[in-house]
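Reader: I have not seen this structure before. Could you take me through it in questions and answers?

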Amino acid sequence: MRPSPPPVTRLNFVQAINAALRQSMELDDSIFVYGIGADKKSAIFGSTAGLVQQFGPKRVFDTPISEQGLTAIAAGAAHAGLRPVLVHQRVDFMLYTIDHLVNWIASWRYVSGGRATMPLTIRAIVGKGWGQGPQHSKSLHSWFAHVPGFQVVIPGSPADAKGLLMSSIMSNDPTIFIEFRSLYAMQEEVPDEPYFIRHGQALVRRPGKDLTLVVFGATVSIAMEATEQLEKLGIEVEVIDLRTLAPLDMATVLASVAKTRRLLVAEMGWLKFGAASEIIAAVCEQMGNDLAARPKRVGWPQSFVPTSPALEKAFYPTAENLTEAAKICMADGH
Amino acid sequence: MMYLIRRTEEVLMAEYHPADEMRCPMHFCVGQESAPAALSLLVQKNDVMMSHYRSHGYYLGKGGPLPAMVAEFYGKTTGSNGGLAGSMELGSHEQNFCSGAIVGGSMLIPLGTAFAHKYRGTKDISISVFGDGSFDEGITYESMNLAALHKLPLLIICENNKYAANTDIALRLGNPRLLPKVEAMGIPGEVVDGYDLEQLVGVLADAVAAVRSGGGPRYVEVETYRFCAHVGPQPDDYLEYRSTDEIAEWRSKDPLGRLRAQLMADPAASRQVAQIEAEVEQDVAAAVSSAKTAPFPSLEWALGVNWANTYAPIVEGFFREVQPAFRGGQNETRLEPF
């Protein structure tokens, strides 16, 4: 018998994050949430709203501006078997903690010879838009994915945000969970009940036979928009949302490219030495001779995010950029 | 315990270069055995301890098995960390002991485990051990502030041997007095002569009791001295970073030598000393020989331990039973242009 589909409610991205935190905390007393302003009215852009009222100050609390020390609390608490959720309002602030993350947390299980676990989640928000500038707009997903030991999660829609955050909190590996603030108002039908998405399972957001478009995080929505424009031109694009960079679901990407023989990858981050480059390299190593056209990347130029609205608009990749890049992929090759 | 630590280090130092089978940097603790030995009398198995990279004494003091430690230095499967940590990141998962190679890092785990003790309402405590070099690092102050703010059951031990590697404390700190810095963070503390064993045990016992009774974090600074080099079995005094007079003065105060002389004056005690020394000799020799013959781990195994790839039981159950309703985790909602 086919199970009936779960009941859903239309939520925006930040409501989905909030629901994920609330339901996780209801399921497991070992989960606590902390970060600057977590228990205040502002509630980290609303993402922690109502949690302190429901779970009390022991499990939801504000902090000093001590990113390193806060990360130490997460590391030790996770080592002791709790499931901490640390929230940084900007990814950029995490750079204070790069020693803790890379030298200690990521390698903790390895160094223990596979005995220890580090079940912590770090939510970090990317301030894309509104002139956030060089120190408030970095994503750095590729940095984290470069290091063994982390799970790197970047949801592209509200339903995924809920399922991926819940599975990240309940995972026994340290997880960097990157949220684009620019997606917080995006709406989608989100399952009401607790649910979990396995890490390393890409989502085929739309099937197509002509071109594989690999995206994640903030490039998902522009990819869907570009796809509709391309459909009108008779180009059927298969959109693959990676959801997690570590673990990386190359099997789904390779299966798609085997069908389309054309590959375009878009990321909201620096292209040099980045995730898109890694995916193209891995595809070329596996099936470079089978490609019908040269693969292509869309992302940030090797420069900092400008604050001037005119420059910012020109800097970030758009649906139009993806449409143009897709046309080039289709015109290229043999 | 002091003798066990001292003799283990001596045997390992003698073994290190000629055989060249321990292929990892090792920071021996000859001269600094008193603090880990004193703590060994005071800590429980469920207490969590993290030390700096001069870790051998603390590993043994926390109850870590000697054969697994030596095997770890040899990089063998029987090592306490499966051969993946070596000396600098030595740990004993079963005995709740860990250490690490980066100065300042030994506040990392104990701060959070202390948080966990309080969160769960247990009587366990956490102990962070670092050297005076950690006062050069910002994380030390941040961690102390958080421990004080949350009144965590954390015992902070600073082994002040005056040198960070080969640099004198006076060349590193504008104010080389450490205790006032800690007190300024809201943590009470004490400075104790690490070579006065009776005083050392007394001060540490009081501090452990205060922390265990929920009084918040405590700090104990143990004045001590390293007879051996910063790293490796060969002396590094040819670098002339400390005076020969200073070294001779501390050596003359060696608490292990004085304790032994004291005990040997008593016939009953001297028999016990001889017995302990013989046992230690045997244990260390056995640990070295079993480490030498144990197998190396495989790279294939090592590459597989970075991630657990597991979830809390409730999630595993969901993946098994509920997920089919979600069409294999793939929701097919079409996103609207955004």
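Reader: How many residues does helix 1 of chain B have, and what end-to-end reach is expected for it?
Author: This is a predicted model, and the values here are computed from it. Helix 1 of chain B covers residues 2-19, 18 residues in all. From its first C-alpha to its last it reaches 26 Å, close to the expected value, which at 1.5 Å a residue is 26 Å.

Reader: Which elements cover the buried residues of helix 1 of chain B?
Author: The buried residues of this helix include B:Met2, B:Leu4, B:Ile5, B:Val11 and B:Tyr16. What covers the buried residues includes, in chain B, helix 2 (34-40), helix 3 (56-61), helix 4 (66-73), helix 8 (197-212), helix 10 (255-264) and helix 11 (267-293).

Reader: Which residue follows helix 1 of chain B, and what is its phi?
Author: The residue that follows helix 1 of chain B is B:Asp20. Its phi is positive, near 55°.

Reader: How much area do chain A and chain B bury between them?
Author: The size of an interface is often given as the accessible area lost when the parts come together. Here the contact takes 83 residues from chain A and 60 residues from chain B. Of the area buried between the two chains, 62% is on carbon and sulfur atoms, and the total is about 6100 Å².

Reader: Which side chains meet in the salt bridge between chain A and chain B?
Author: Side chains of opposite charge can pair when their charged atoms come close. Between chain A and chain B the count is one salt bridge, beside 20 residue pairs in polar contact. The salt bridge has an N to O distance of 3.8 Å, and its partners are B:Glu94 and A:Arg115.

Reader: Which helix gives the most to the side of chain A that touches chain B?
Author: Several elements of chain A each supply at least two residues of that side, among them strand 2 (31-35), helix 3 (67-79), helix 4 (98-105) and helix 8 (219-232). The residues of the side divide into 38 nonpolar, 25 polar and 20 charged. With 10 residues, the element that gives the most is helix 3 of chain A.

Reader: How many residues of helix 3 of chain A are buried?
Author: The end C-alpha atoms of this helix are 18 Å apart, which agrees with the 18 Å that its 13 residues should span at 1.5 Å a residue. Just after helix 3 of chain A, A:Gly81 has a positive phi of about 100°. The helix is largely enclosed by the rest of the structure, because the count of buried residues is 13 of the 13.

Reader: How far apart in sequence are the parts that A:Asp160 and A:Arg243 tie together?
Author: The two residues form a salt bridge, with the closest N and O atoms 2.8 Å apart. A:Asp160 counts as buried at 0% relative accessibility, and A:Arg243 counts as buried at 1%. A:Asp160 lies in helix 7 of chain A and A:Arg243 in the loop between strand 11 (237-241) and strand 12 (244-246), so the separation of the parts in sequence is 83 residues.

Reader: Which residues are linked with A:Asp160 in a network of salt bridges?
Author: A search of the whole structure finds 28 salt bridges over all chains. In this network A:Asp160 is linked with A:Arg205, A:Asp241 and A:Arg243.

Reader: Is A:Glu238 buried or exposed?
Author: The side chain of A:Glu238 meets that of A:Lys259 in a salt bridge of 2.7 Å, N to O. The pair links helix 9 (residues 250-260) of chain A, which holds A:Lys259, with strand 11, which holds A:Glu238. A:Lys259 is partly exposed, with a relative accessible area of 47%. A:Glu238, at 5% relative accessibility, counts as buried.

Terms used:
Residues are numbered from 1 along each chain as its sequence is written. Chains are lettered from A and ligands numbered from 1 in the order in which they are written. This is a predicted model: local features need pLDDT of at least 70, side-chain atom pairs count only at pLDDT 80 or more; totals for chains, interfaces and linings use all residues. Side-chain values use heavy atoms; hydrogens and water are left out. Contact means heavy atoms within 4.5 Å. Buried area is the accessible area (1.4 Å probe) that two parts lose on being put together, summed over both. A salt bridge is a side-chain nitrogen of Lys or Arg within 4 Å of a carboxyl oxygen of Asp or Glu. A polar contact is a pair of N or O atoms within 3.5 Å; within protein, one must be able to donate a hydrogen and the other to accept it, and residues adjacent in sequence count only if both atoms are side-chain atoms. Helices (H or I, at least four residues) and strands (E, at least two) are DSSP runs, numbered from the N terminus. Ala, Val, Leu, Ile, Met, Phe, Trp, Tyr, Cys and Pro count as nonpolar, Asp, Glu, Lys and Arg as charged, and the others, Gly among them, as polar. The expected span of a helix is 1.5 Å times one less than its number of residues. Buried means under 20% relative accessible area, exposed over 50%, partly exposed in between (1.4 Å probe, protein chains only).
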